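Hello,

Here is the structure I promised to pass on to you.

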Amino acid sequence: MNPKASAAPQRGARERMKNKLSSLGIGDSPEPAAEDFTIQSLLHRAALSFARAGSSSPALDAEMLLMQVLGASRTDLHVQACREISPEEQNVFNALAERRLGGEPVAYLIGRKEFWSIDLEVDSAVLVPRPETEILVEEVLRVASDAEPGTLRIADVGTGSGAVALALAGALKRARIVATDISRKALAVASRNARRLRLQDRITFLAGDLLEPLKGGFDCIVSNPPYLSEREFSSLMRDVREFEPRNALVAGPEGTEIHRRLIETAPGHLRQGGRLFLEIGPDQKMQVEDCFLKKGCYKDIRFRRDYGGLWRVASA
């Protein structure tokens, strides 16, 4: 075998890759050298490019994409930092990086997002689960732990990927959950997540608008509804505004329209002593409290801040 002949195609692939990296803005950093195709160098250049594109977590974005390409853990990336990336791996990474530079969320690119220590499948039919929604789960669990023995009936309204319903089902073995969504595509994602986590026997998924599909009484009704106003939506970051489902984000001109509907109709679906839990926007406490008070039948109205100090959950 002629080693020079066998090396020629490899050099050609490297040169094409160098040009591709430069075209994406992932090869123009003086440190490390653009010809260096190790894990460390690729992460460095990609993070710089994502930062220039406006990502709030450029290094993490780069790591998540490369973990997906290599089938590696985050620890692997750092332990094997000097490992050279093959042209084939670089091609796949570059395709994902190009989409990320176009604003597409990392969770959609890799097809998953962690929530409550659960690895969830996500796609463009559902919102990307946010850490602050875990406060909603915490509040339901706090109340449910004090409930009388017996089966708990919980409704998750606007389930999306199933994040809240699945977190509650995993934590409350005696709970039976009905999860609703107006989007059948979202319900398909949630159903797949339930099957993969082997929770499908304890969650029933129903298509319909808010509480309409519900039958019978529930101990808890929980919802992370759309709560952005039209004005707030227009000022969102591009990766949210252009890629996540608008109808799962925007409630209407004010932002509390869906809260009002849920507060108005939930009493007809709650058992005696049952409770409604709602995720809210940081500036919506007064409006939501006013809705509860005007309805007149709610007691023990409570609000909870998230770990950033912002109002996040209302319940009554």
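Below is what I found, starting with the conventions.

This is a predicted model, in which local features need pLDDT of at least 70 and side-chain atom pairs count only at pLDDT 80 or more, while totals for chains, interfaces and linings use all residues. Residues are numbered from 1 along each chain as its sequence is written, and side-chain values use heavy atoms, with hydrogens and water left out.

**The sheet**

Seven strands make an open sheet with mixed pairing, in the order β5-β4-β3-β6-β9-β11-β10. (Strands are DSSP runs of E with at least two residues, helices are runs of H or I with at least four, and both are numbered from the N terminus; two strands pair if DSSP finds at least two bridges between them.) β5 (203-207) and β10 (302-305) are at the edges with a single partner strand each, so one side of each has no neighbour in the sheet. On average, neighbouring strands are turned by 20° against each other, direction ignored. β6 and β9 run parallel and are joined by five bridges; serine 223 has leucine 278 in β9 as its bridge partner.

**Helices on the sheet**

Helix α12 (residues 257-265) lies across β3 (152-157), β6 and β9, and runs at about 175° to β9. Helix α13 (residues 285-295) packs on the sheet too, touching β9, β10 and β11 (311-315), and its direction makes about 5° with that of β11. (Axes are lines fitted to C-alpha atoms, for helices over the stretch in contact, with angles from 0 to 180 degrees between N-to-C directions; contact means heavy atoms within 4.5 Å.)

**The second largest pocket**

The second largest pocket holds about 620 Å³ of space. Its lining has 26 residues, and those closest to the centre are Arg271, Gln272, Gly273, Gly274 and Arg275. (A pocket is an open set of points on a 1 Å grid over the protein atoms alone, where a 1.4 Å probe fits, with protein on both sides within 12 Å along at least five of seven lines; lining residues have an atom within 4 Å of a point. The volume is the space filled by probe spheres set on the points, which are joined across faces, edges and corners.) β9 gives the largest share of this lining, six residues, and α7 (134-144), β6 (218-223) and β9 (270-279) each supply at least two.

**Arginine 192**

Arginine 192 sits in helix α9 (residues 184-196). Leaving aside residues up to four places away in sequence, arginine 192 touches Glu121 and Asp123.

Best wishes
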